[in-house]
Structure formats: C-alpha cells, structure tokens
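Dear colleague,

My notes on it follow directly after.

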Amino acid sequence: MQMLKLQGLEAGYDESMVIRNIELQVKDRQVVCIMGRNGVGKTTLLKTIMGIISPRKGKVLFMEEDITKKRPSQRAQQGIGYVPQGREIFPKLSVYENLLIGLEAGKEKKVKEEVYAYFPILKEFRKRNGGDLSGGQQQQLAIARALVSNPSFLLLDEPTEGIQPNIVEQIQEVIKDVKHTLHTSMILVEQDLEFVKSVADYVYVIDHGSIVYENSVDQINDDEVYHYLSV
Amino acid sequence: MSELMLTLFNGASLGSILLLIALGLAITFGLMNVINMAHGELIMIGAYVTYVMQNLFISYLPSQYFDFYFILAIPVALLVAAGFGMIMEFSLIRFLYKRPLDSLLATWGVGLMLQQLARSIFGAPNVGVKSPSFLNGGLEVGTLLLPYSRLFILGLSITCLIGIYYYFYRTASGRRVRAVMQNRQMAECLGVSTRKVDLLTFAIGSGFAGVAGCAITLLGAIGPALGTSYIIDAFMVVVVGGVGALFGAVAGAFGIGFFNTAFEYLTNASIGKVLIFLLIIAFLQWRPSGLVTSRSRSLD
Ligand SMILES: Nc1ncnc2c1ncn2[C@@H]1O[C@H](COP(=O)(O)OP(=O)(O)OP(=O)(O)O)[C@@H](O)[C@H]1O
Ligand SMILES: [Mg+2]
C-alpha cells in the first residue's frame with residue numbers, strides 16, 4: 001500500500017521558491033531517507049508534508065487521500081507524527097505535559113510504558129519543565145511526544161543533529177526498533193550515510209530544492225551520494 | 001490604628017474590583033495579545049444580565065426567592081458574555097490576530113455598537129440593581145464596619161482566580177491553551193486544533209468580563225457607557241502586572257488598589273488619581289514589561 005505520495009510538489013516562502021517538482025513516495029512499512037547539503041530544502045519539504053507550508057503547486061497524498069488542503073492538526077489526527085528540526089518542546093510545560101499534548105493526535109489516553117522504556121530519562125524527569133532539559137534530552141522528548149499517539153507515519157528531521165555520541169546511538173536504536181517492531185513507515189532526514197544504510201529502504205538526495213538522486217538502499221552508489229553531499 | 005486598617009481594607013477592596021475587571025483582559029490581551037477595546041462593553045453586558053435576572057425574578061417568582069437572582073446571575077453573566085466573545089472572535093478577531101492596530105479599531109467599533117444596542121434595549125438613563133439582602137450591612141471588626149458587598153467582591157475575585165488557575169493548570173483543555181500560547185505551530189502539528197483553542201480562550205476571557213459586570217452592580221447604578229469607565233483601569237492592571245503573566249495581574253491590581261487608596265487618603269480623590277497615574281508612568285519607565293515578566297508568544 002502507498003503511505004505517502006508527493007506529486008509535482010512546489011513550495012517556498014513568500015516570493016522565493018525553495019523546493020521544485022518533487023516526486024516522492026513512501027510505501028507501507030518503508031523507511032525513506034532524505035539527504036542533502038544544508039539549505040537545500042529538506043526541512044521545507046517536511047513542513048510541506050506536515051501542512052505548515054502550503055504548496056504552490058502539486059499534491060500531497062496520504063494513504064491514497066489528497067490531504068493538500070488539510071490543516072496540520074487534521075494531518076496529525078490522521079496519523080502523521082512530526083519530530084521537527086530544533087525539537088520545538090513546549091518550554092513551560094512539564095515533560096509529562098509535553099507527552100500529554102502528544103496524545104492529542106491519537107486515541108490513546110495514557111502514555112505507553114514502551115515510550116518510557118525507549119527513553120527512561122523522561123520518566124525520571126517527568127515533572128521538570130521541558131525548557132530545562134538539555135538538547136539531547138529535548139530531542140528524546142520530541143521523539144517520545146511523536147510516538148505516544150501511535151502514528152502510522154513519522155517525519156523525523158535530523159533527529160541526531162548536534163547531540164553527543166552515546167545519545168545519538170540510543171536514538172538510532174530507537175528508530176530501528178520503531179521500524180522493526182512497530183512497523184511504522186517514516187521519512188528520515190539524515191546526514192550520516194552509514195546510519196542511513198543501516199535503517200533505510202530507499203534514499204532520495206536533494207540539491208537546490210530538487211531530487212537529484214534516488215535509489216533503493218541495496219543499490220545505492222556511495223560516491224554519487226557523497227558527490228551531492230560534499231560542499 | 002483603625003484608620004490604617006480601614007485604608008488597608010479599602011485598598012484590598014479596590015484591588016479586588018480591579019482584579020475582577022482585569023482578569024478577562026489578562027487572558028484576551030495578556031495571553032492572546034488581542035487589544036480588545038470592547039472589554040468594557042462585555043463588563044456592561046454582564047451588568048445588564050444581572051439587571052435582567054433581577055427583573056425576571058421580580059416578575060415571575062415569589063419574593064422570598066428574590067435574593068437567589070444574584071447567585072444565578074453570576075454564571076448566566078459568564079455564559080452570556082462568553083457567548084458574545086465567541087461571536088466576536090468568530091466573526092472578527094480571528095481575521096485580525098496579526099494586525100493589532102486593526103483589531104484595536106475594530107473592537108472599539110464593536111464596543112460602540114454594543115453600547116448602542118444597550119441604549120436601544122434598556123434606554124439611555126442609568127438603571128439600578130437592588131443588591132440581595134444578604135449583602136446589605138457589614139461585618140463589625142472592632143470599630144470598623146466592613147460592608148458585606150465589598151467582602152463578597154473580594155471573595156468572588158479570589159474564587160475566579162482559583163477557577164482560572166485550576167482551568168489552566170489542571171485540565172486538558174487548559175493545557176492545550178498553554179501549549180498553543182507557547183508554541184502555536186508545534187501544538188497544531190501535534191493535533192491540537194488551534195482554531196478551537198483560540199475561540200475558547202477568547203470566550204473564557206470575555207466570560208470573566210461578564211462576571212465582573214455582575215459584581216459591579218453592587219457598587220452603583222449601571223448604564224450603557226459603564227464599560228468606558230473601566231476599560232482604562234483594566235488595561236492599566238494588565239500592563240503594570242506584566243502582559244502574558246496571568247498572576248502579574250494580581251500583583252498589579254492589588255498594588256494599584258493599595259497605592260490609590262493611600263494617595264486618596266493622604267490627599268483627595270482627584271489628586272490621588274493623578275498621583276497614581278504618575279506612579280504608574282514612573283514604574284513603567286523602570287520596568288517597561290511590568291511586574292512579572294514572562295516571554296509570551298504573540299499569535300503568529
Ligand atoms: N521561514 C523562512 N522564510 C524564508 N526563507 C526560509 C525560511 N526557512 C528556510 N528558508 C530558506 O529556504 C531554504 C531551505 O531551507 P531548509 O530549512 O528547508 O533547508 P534544509 O535543507 O533543511 O537545511 P539544513 O540542513 O540546514 O537543516 C534556505 O535557503 C533557507 O534560507
Ligand atoms: Mg533542515
């Protein structure tokens with residue numbers, strides 16, 4: 001089954017067009033990675049999928065339904081979870097309250113124990129303000145907040161950016177576990193090709209707002225990818 | 001000694017009145033950053049609701065039940081004013097969240113319309129609302145007589161404050177409001193309908209203006225232009241307390257209340273008023289963002 005399909009997507013900010021003619025698809029249970037240099041439009045693409053930016057042209061299809069005109073909250077209710085670049089934790093809400101807001105998108109009433117099992121620190125710090133957590137802890141919270149509502153599709157925007165190595169490892173393990181045991185399909189924006197090869201099924205590389213390379217992960221040509229990633 | 005006590009009581013009493021008229025504004029202006037010039041008219045609506053309740057009780061119920069009109073008027077005033085707030089938000093405010101100047105002018109216009117509406121329905125002259133008998137008289141403390149009506153307003157403002165605190169910090173709906181005010185876009189992305197939250201928050205702020213209007217009937221006659229005499233005080237309290245800090249409004253209200261009473265005691269009513277304005281201007285020079293500062297996100 002088709003999870004997500006983007007058709008001729010074109011989007012940007014005010015006058016400037018950032019992404020152009022994007023054709024992309026994610027199948028059920030598939031992890032699709034998006035790579036590309038800084039500023040090529042990866043975050044803009046994810047924001048367009050989430051509905052924060054409305055596209056100038058093209059369509060967003062989610063589970064074969066056209067959701068191009070829907071608000072982000074409706075997309076979240078339909079099962080799209082979002083972990084933004086920069087985490088976007090509610091600073092004056094406690095860790096636990098941040099997770100409760102995550103529950104708004106689903107039918108669940110309680111925070112599942114599995115989520116605490118992924119990130120035990122969140123249980124320990126549940127009464128602290130989200131804004132008082134370290135960057136790595138906030139990233140864990142942002143991922144947990146997206147997971148509590150059992151989304152069928154996840155958007156992860158550079159979840160390991162600027163985080164110390166042992167937490168990066170922990171987050172990578174969680175992403176792999178979400179793929180293999182929860183079978184959640186996702187789009188993952190990621191710069192680390194080694195990790196991409198260990199988790200992705202399919203890879204797209206973006207440059208200047210357009211897809212310049214795509215391949216399934218077992219046929220990927222490292223040199224070509226590195227060519228587009230090098231500055 | 002008893003004069004000091006009386007001044008303190010009068011200060012607390014004035015503070016509680018100011019708090020009551022500013023609580024709703026602390027939500028709509030403080031939290032949502034909407035400059036609602038019709039806030040005073042929402043107070044006026046609450047006052048007329050109380051007047052109508054009184055008349056209904058006189059016309060339709062035996063006189064021994066008369067006093068209950070006031071108890072019933074409080075929730076009804078809250079609901080009616082909240083309803084007006086909802087209509088305003090839905091038909092006007094929601095288009096103006098990013099345009100403070102436009103919303104200032106538009107809500108000012110709405111205020112004038114509401115005044116005219118009151119004039120057409122109830123007539124231009126002031127009308128009186130008879131206080132319920134249980135609020136006549138006062139509590140004797142030594143040589144002082146503390147009027148029950150003032151004590152009631154003090155109690156009502158504290159009750160409203162506790163209610164608002166409970167709503168924001170203990171309910172799921174209040175949590176959604178706080179999330180939206182802290183990071184609107186992310187709340188929307190997590191499935192919170194920010195449209196509904198905006199509508200509800202504005203309605204709640206408006207509703208508390210209605211409650212204030214109900215309390216104000218205890219202080220004197222009411223008229224269509226009632227709101228204009230309270231709007232400045234309400235904005236003053238919120239600005240002094242700190243925009244975006246709900247509980248700054250408490251400090252602002254009681255601070256202004258005590259200083260105002262003290263100045264009036266030391267000089268006279270009009271010089272006291274001038275002194276309090278000067279004090280507020282000086283204070284805002286010193287602390288432009290008010291007593292309690294908090295980073296509030298505007299509706300962007
Ligand atoms: N809010 C905005 N308004 C205007 N232009 C923006 C805005 N956000 C991003 N841009 C521009 O759009 C382009 C793409 O930005 P985007 O954030 O999508 O890149 P990215 O691929 O996610 O980069 P990075 O790897 O650094 O996260 C950049 O040139 C950026 O300057
Ligand atoms: Mg980015």
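N150(A) is partly exposed, at 40% relative accessibility (buried means under 20% relative accessible area, exposed over 50%, and partly exposed in between, with a 1.4 Å probe and protein chains only). This residue is placed in the loop between α6 (135–147) and β7 (153–157) of chain A; helices (H or I, at least four residues) and strands (E, at least two) are DSSP runs, numbered from the N terminus. Although N150(A) is not a glycine, its phi is positive, at about 55 degrees.

This is a predicted model, in which local features need pLDDT of at least 70 and side-chain atom pairs count only at pLDDT 80 or more, while totals for chains, interfaces and linings use all residues. Residues are numbered from 1 along each chain as its sequence is written, chains are lettered from A and ligands numbered from 1 in the order in which they are written, and side-chain values use heavy atoms, with hydrogens and water left out.

A positive phi also occurs at R87(A), where the value is near 70 degrees in a residue other than glycine. R87(A) lies in the loop between β6 and α3 of chain A and counts as buried, at 17% relative accessibility.

The magnesium ion (ligand 2) has T43(A), through OG1, and Q85(A), through OE1, as its protein donors, at 1.8 to 2.1 Å. Donors are N, O and S atoms within 2.8 Å of the metal (3.2 Å for Na, K and Ca); water is not among the atoms, so sites may look incomplete. Q85(A) is partly exposed, with a relative accessible area of 28%.

Turning to the interface, 22 residues of chain A are in contact with 20 residues of chain B (contact means heavy atoms within 4.5 Å). The two chains bury about 1900 Å² between them, 58% of it on carbon and sulfur atoms; buried area is the accessible area (1.4 Å probe) that two parts lose on being put together, summed over both. On the side of chain A, F90(A), I101(A) and E104(A) lose the most area to chain B, together 27% of what that side buries.

Three salt bridges are found across the interface of chain A and chain B, a salt bridge being a side-chain nitrogen of Lys or Arg within 4 Å of a carboxyl oxygen of Asp or Glu. The side chains of E97(A) and R178(B) form a salt bridge at 2.6 Å, N to O. Helices α1 (42–50), α2 (72–77) and α3 (95–102) of chain A each supply at least two residues of the side that touches chain B.

Two further residues of chain A deserve mention. Q30(A), in the loop between β2 (16–27) and β3 (31–35), is buried, with a relative accessible area of 14%. Leaving aside neighbours within four places in sequence, Q30(A) is in contact with Q25(A), S185(A), M186(A), D201(A) and Y202(A). F125(A) is found in the loop between α5 (120–124) and α6 and is buried, at 13% relative accessibility. Not counting residues up to four places away in sequence, F125(A) touches V95(A), L133(A) and Q137(A).

With kind regards
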